Amino acid sequence: MSLIPPRSMRPTVNRFFGMPLNSAWTLLAAFLITSAITPVLAAGKTVIHEERSLYTSILVQQQHDLRCLNFTLKRADSSQSCMDVTDPKRMVFAYTRMAMSGLLFNSNPKNIMIVGLGGGTLPRALHEIFPEARIQTVEIDSAVIGVAKQFFNFTETADNKVIQQDARVFAKRAALQKQQFDLIILDAFNGDYIPEHLMTVEFLTEAQNLLTAEGVLVANTFASSDLYAHESNTYKKVFGEFINLKGRDSGNRIVIVPQGAISAAQRAPISKGALLAQADALSPLLAPYAVPIKSLARDIFKTIGAPADWDEDKRPLTDQYSPANLLKSQ
Amino acid sequence: MISAIHLLAFCGGFIIMSFELLGGRILAPYFGSGVYVWGSIITIFMLSLAIGYLLGGRLSVKNPSPRKFAGIFAVSAIFLYPMILYAQPVMEFIFLHIEDPRYGSLTAAAFLFMVPTIILGMISPYSVRLLVDNVEESGKVAGALYFTSTLGSAIGTLVTSFYLVLWFEVDTIITILTLILLSIGLMAWFVAPDQLATSRDSAADPAPGV
């Protein structure tokens with residue numbers, strides 16, 4: 001059920017009791033939510049919006065204060081992105097909070113590239129924390145962009161842009177324009193389908209070439225199935241060493257590559273003191289987002305030098321060999 | 001002879017769809033994997049097959065022979081294989097000159113997939129010509145050939161997307177497809193008679209005993 005009536009049903013007048021029509025609909029929508037949906041809320045999840053896009057099925061549900069974005073109707077409890085409507089800053093998911101720990105290695109990014117918008121949690125937070133930064137989020141699905149704006153408080157500005165494009169095309173064009181980023185976040189993989197051309201040695205190399213000397217690459221990836229090993233070896237092949245941060249109680253893992261543009265041997269060693277000092281400095285900035293940056297810093301330090309916990313003989317994924325979706329189900 | 005031509009038509013169908021499926025893999029690094037990329041690929045394959053049917057039909061009019069039929073396979077192999085070598089530079093060039101990935105992918109698909117697919121498209125009408133004995137049976141013969149070649153296409157799609165991409169690199173699969181085309185083409189060339197049997201040549205003559 002869509003709250004905004006389809007175009008064909010909208011009245012032809014442009015104003016409604018002197019109000020611009022958009023505000024009139026917003027008021028009407030707000031009225032409908034409070035009057036019609038509130039009784040249902042108590043019983044459980046309420047579907048706020050349902051839409052079939054070219055790429056997925058989009059479902060926005062709300063349960064109490066938690067509004068979530070789902071990309072599948074079958075497993076309706078696996079959400080992409082959730083927002084606490086009473087505290088929109090609070091990051092509901094562990095993986096989003098973990099992704100923010102990339103800031104430990106570059107605490108003032110000027111140029112940020114994010115692949116995959118979802119509910120817009122990451123670009124929204126980063127724009128609030130670094131209002132001066134130029135953020136470009138690449139999202140292939142225009143319907144997702146609409147939903148993020150309509151239901152998840154995402155506002156596009158000149159410095160916080162969404163580009164509706166395939167990320168591979170965007171990365172190649174950005175390289176031609178000689179763009180460079182201090183922070184690249186790859187978050188294009190939802191639980192059900194992986195864009196396979198965004199998980200290859202070649203794509204990661206393209207991303208690597210877009211990083212500044214102090215640039216950090218952060219990727220939200222898989223922690224289970226055969227894919228974990230293949231993917232880890234793909235990152236290893238491109239970046240050499242990387243930080244393999246696994247969630248304490250979630251199935252996610254975050255790959256972090258500090259100074260990703262240079263070879264692993266040339267990177268500055270990570271000291272516990274510097275990491276904790278950086279966490280202390282970031283702590284007040286990240287507190288409103290419920291990012292436990294100090295404990296994340298400690299978790300990250302523990303991973304350094306840890307032996308690979310995956311089969312290092314599995315083939316790295318390339319443009320020539322990229323059956324990521326098949327490997328995920330193996 | 002009948003079953004040999006059906007087998008060849010089956011392989012033709014298999015290879016066309018296997019190739020089409022790999023097309024998505026080949027274009028993705030430059031043009032993404034959006035729905036428009038598949039739109040470009042399917043458009044070019046359909047267009048190429050349409051042209052191939054036309055040309056194959058024309059070719060079958062003058063002195064049809066099983067040898068020429070075998071030749072189609074060998075020629076398609078010769079045009080299929082080099083794609084491995086020139087796909088990257090061609091896509092690079094198109095990417096630099098066409099900004100919109102929809103038209104970029106359409107142009108790239110045309111340059112990379114069109115010629116081999118046109119030649120592969122010639123197989124179906126030519127095999128109909130080789131198997132049709134008389135007008136009454138022509139529909140039945142064509143139907144049976146559509147059946148085998150489309151069955152080949154279905155199996156080619158399935159095997160490629162379920163297994164081949166899991167086992168091999170894209171270029172390896174293209175090499176395998178080329179080798180299949182080349183070997184069945186050569187085998188058919190040496191086994192096949194140079195001309196159609198005379199009884200097949202005179203479809204208008206009454207069959208013996210009638």
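Predicted model: local features only at pLDDT ≥ 70, side-chain atom pairs only at ≥ 80, totals over all residues.
In chain A, helix α5 is followed by A:Lys178, a residue whose phi is positive, near 60°. The buried positions are A:Ala167, A:Arg168, A:Val169, A:Phe170, A:Ala171, A:Lys172 and A:Ala174.

A:Ala167 belongs to helix α5 of chain A, and it counts as buried because 26 C-beta neighbours lie inside 10 Å, where 20 or more are required. Beyond the neighbours within four places in sequence, A:Ala167 is in contact with A:Val115, A:Val138, A:Ala188 and A:Leu198. By way of orientation, A:Ser283 is 116 residues away from A:Ala167 along the chain, and the C-alpha atoms of the two are separated by 31 Å.

In strand β10(A), the bridge partner of A:Val115 is A:Leu186. The strands concerned are β7 (residues 111-115) and β10 (residues 181-186) of chain A, which run parallel and are joined by four bridges. Both take part in an open sheet of seven strands in chain A, ordered β9-β8-β7-β10-β11-β13-β12, with mixed pairing. At its edges stand β9 (160-164) and β12 (243-246) of chain A, each of which pairs on one side only. From one strand to the next, the twist averages 15°. In a regular strand, side chains alternate between the two faces of the sheet.

Helix α7 of chain A, residues 225-239, lies across two strands of chain A, β11 (211-222) and β13 (252-257). Relative to β11(A), the helix runs at about 170°. The loop between β13 and α8 (272-286) of chain A holds A:Gln259. Is A:Gln259 buried or exposed? With 20 C-beta neighbours inside 10 Å, A:Gln259 counts as buried, because the cut-off is 20 or more. Its contacts, leaving aside neighbours within four places in sequence, are A:Glu214, A:Arg267 and A:Ala268. A:Glu241 lies 18 residues from A:Gln259 in sequence, and their C-alpha atoms are 11 Å apart in space.

Chain A also contains an open sheet of four strands, in the order β3-β4-β5-β6 and with antiparallel pairing. The edges are taken by β3 and β6 (79-84) of chain A; each has a single partner strand, so one side of each is left without a neighbour in the sheet. Neighbouring strands are turned by 15° against each other on average, direction ignored. Helix α4 of chain A, residues 142-151, packs on this sheet and touches β3, β4 and β5 of chain A. The direction of α4(A) makes about 20° with that of β4(A).

The pairings within this sheet can be described strand by strand. β3 (residues 46-52) and β4 (residues 57-63) of chain A run antiparallel and are joined by six bridges. Four residues separate β3(A) from β4(A) in the hairpin that they form. A:Glu51 stands opposite A:Ile58 in β4(A). Five bridges connect β5 (residues 66-70) of chain A with β6(A), again in the antiparallel sense. Here A:Arg67 has A:Met83 in β6(A) as its bridge partner.

The largest nonpolar core has 147 residues, and those with the most contacts inside it are A:Ile184, A:Ile185, A:Ile256 and B:Leu27. Its largest share, 16 residues, comes from helix α1 of chain B, residues 2-31. For A:Ile184, the contacts beyond four places in sequence are A:Met113, A:Ala207, A:Leu210, A:Leu211, A:Gly215 and A:Leu217.

Two packed helices are described by the angle between their axes and the distance between the axes. The axes of helix α3 (residues 66-80) and helix α8 (residues 170-191) of chain B come within 8 Å and cross at roughly 160°. That angle makes α3(B) roughly antiparallel to α8(B), since angles over 145 degrees count as such. The crossing of α3(B) and α8(B) is left-handed. Residues making the contact include B:Phe69, B:Phe73 and B:Leu80 of α3(B), together with B:Ile174, B:Leu181 and B:Trp189 of α8(B).

Technical notes. Residues numbered from 1 in each chain as written. Chains lettered and ligands numbered in written order. Buried ≥ 20, exposed ≤ 12 C-beta atoms within 10 Å, placed from the backbone. Core = buried A, V, L, I, M, F, W, Y, C linked by C-beta atoms within 7 Å. Contact = placed C-beta atoms within 7 Å. Pairing = 2+ DSSP bridges. Axes fitted to C-alpha atoms, helices over the stretch in contact; angles between N-to-C directions. Parallel < 35°, antiparallel > 145°, perpendicular 65-115°, else oblique. Left-handed = near helix turned anticlockwise from the far one by under 90°.
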